[in-house]
Amino acid sequence: MKKEITGVMVYYYAVCKRKLWYFYNEIQMEQGNENVEIGKVLDEETYKRDKKHINIDNIINIDFIRSKGILHEVKKSNKIEEASILQVKYYLYFLHKKGVTNIKGKIDYPLLKQSVDIELNEEDIVNIEQILNNINEIVYKTIPPKLEKKRICKSCAYYDLCFI
C-alpha cells in the first residue's frame, strides 16, 4: 500500500536514507529519545499565540502560519539545517502544486534566537521532484539502505538499531 510522502520523510531523506526507510516501514525509535522530547517541549512552549500544527491532507504538517503568507517550521537546532530547508521547500512545493502561490517559508530556531527565510524556485521544484522519486525507490526496498556513519549518528534515536 503506497503512502503519501510527508515533510518528515523529506527531512529524513536529507538526514539519513536508512532512518527514512525505518520510519516509513513503521519501525519507531523516537519514543523516549531525549532529543525528540526536547523538541516536543519546545513545540509546546513556544509561539503559543499562533495557531499551530496546520495539517493539510494528512501529508504536510506546518508548525504555524503567520500573516503575509509565511509558513513557519520550528527547529531546536540548526545542526541539520540543509534537511530543514528541504522540508520547508517541500511544504512550499506541496502548496504550489495545490495552486497556493506567493507564500514563503521561515525556519525558526527559538533557542538560538535565529531564523532563516526560505523561498521556492524552479530549480527547487525540479530537485524536489527527483527527491520524491528517490524516496519512493528507498522506502519500497525490502531491506534498509546500507549504513552510512555520520557525525549525527550518536544523537539519533535509531543509533542502537544501526550500531548494536
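Helices, as runs of H or I with at least four residues, and strands, as runs of E with at least two, are taken from DSSP and numbered from the N terminus. In this predicted model, the protein chain has six helices and five strands, and from the N terminus on these elements follow the order α-α-α-β-β-β-α-β-β-α-α.

**The chain as a whole**

- The protein chain has 164 residues, of which 41% count as buried.
- When contacts between residues at least 6 apart in sequence are considered, 64% of them in the protein chain join residues at least 24 apart.

**Helix 1 and the segment before it**

- Helix 1, which spans residues 7-15, is mostly covered, with seven of its nine residues buried.
- The buried residues of helix 1 are G7, M9, V10, Y11, Y12, Y13 and V15, and they pack against helix 2, helix 4 (81-97) and helix 5.
- T6 lies in the segment before helix 1, and because its relative accessibility is 19%, T6 counts as buried, the cut-off for buried being under 20%.
- Leaving aside residues up to four places away in sequence, T6 touches F23, I59 and Y90.

**Helix 2 and its surroundings**

- Helix 2 is largely enclosed by the rest of the structure, because six of its eight residues are buried.
- Those buried residues are R18, K19, L20, W21, Y22 and Y24, and the buried residues of helix 2 pack against helix 1, helix 5 and helix 6 (159-163).
- E26, which follows helix 2, has a positive phi near 60 degrees.

**Packing of helix 1 with helix 2**

- The axes of helix 1 and helix 2 are 6 Å apart, and the two helices pack at an angle of about 150 degrees.
- Angles over 145 degrees count as roughly antiparallel, and helix 1 and helix 2 are therefore roughly antiparallel to each other.
- The crossing of helix 1 and helix 2 is right-handed, and the contact is made by V8, M9, Y12 and Y13 of helix 1 together with K17, K19, L20, F23 and Y24 of helix 2.
- By residue class, the contact of helix 1 with helix 2 has seven nonpolar residues, no polar ones and two charged ones.

**Packing of helix 2 with helix 5**

- The axes of helix 2 (residues 17-24) and helix 5 (residues 122-139) come within 9 Å, and they cross at roughly 65 degrees.
- That angle makes helix 2 roughly perpendicular to helix 5, since the range from 65 to 115 degrees counts as roughly perpendicular.
- The crossing of helix 2 and helix 5 is right-handed, and its contact involves K17, L20, W21 and Y24 of helix 2 with I135, I138 and V139 of helix 5.
- The residues of the contact of helix 2 with helix 5 comprise six nonpolar, no polar and one charged.

**Packing of helix 4 with helix 5**

- The axes of helix 4 and helix 5 come within 10 Å and cross at roughly 100 degrees, and the two helices are therefore roughly perpendicular to each other.
- On the side of helix 4 the contact is made by L86, K89, Y90, Y93, H96 and K97, and on the side of helix 5 by D124, I125, N127, I128, E129, I131 and L132.
- The contact of helix 4 with helix 5 divides into seven nonpolar, two polar and four charged residues.

**Residues with positive phi in loops between strands**

- N58 is placed in the loop between strand 1 (52-56) and strand 2 (60-66), and its phi is near 55 degrees, a positive value in a residue other than glycine.
- Because its relative accessibility is 66%, N58 counts as exposed, for which the cut-off is over 50%.
- K113 sits in the loop between strand 4 (104-109) and strand 5 (114-118), and K113 has a positive phi of about 55 degrees although it is not a glycine.
- With a relative accessibility of 76%, K113 counts as exposed.

Technical notes:
Residues are numbered from 1 along each chain as its sequence is written. This is a predicted model: local features need pLDDT of at least 70, side-chain atom pairs count only at pLDDT 80 or more; totals for chains, interfaces and linings use all residues. Side-chain values use heavy atoms; hydrogens and water are left out. Axes are lines fitted to C-alpha atoms, for helices over the stretch in contact, and angles run from 0 to 180 degrees between N-to-C directions. Angles under 35 degrees count as roughly parallel, over 145 as roughly antiparallel, 65 to 115 as roughly perpendicular and the rest as oblique. A crossing is left-handed if the near helix is turned anticlockwise from the far one by less than a right angle, and right-handed if clockwise. Contact means heavy atoms within 4.5 Å. Ala, Val, Leu, Ile, Met, Phe, Trp, Tyr, Cys and Pro count as nonpolar, Asp, Glu, Lys and Arg as charged, and the others, Gly among them, as polar. Buried means under 20% relative accessible area, exposed over 50%, partly exposed in between (1.4 Å probe, protein chains only).
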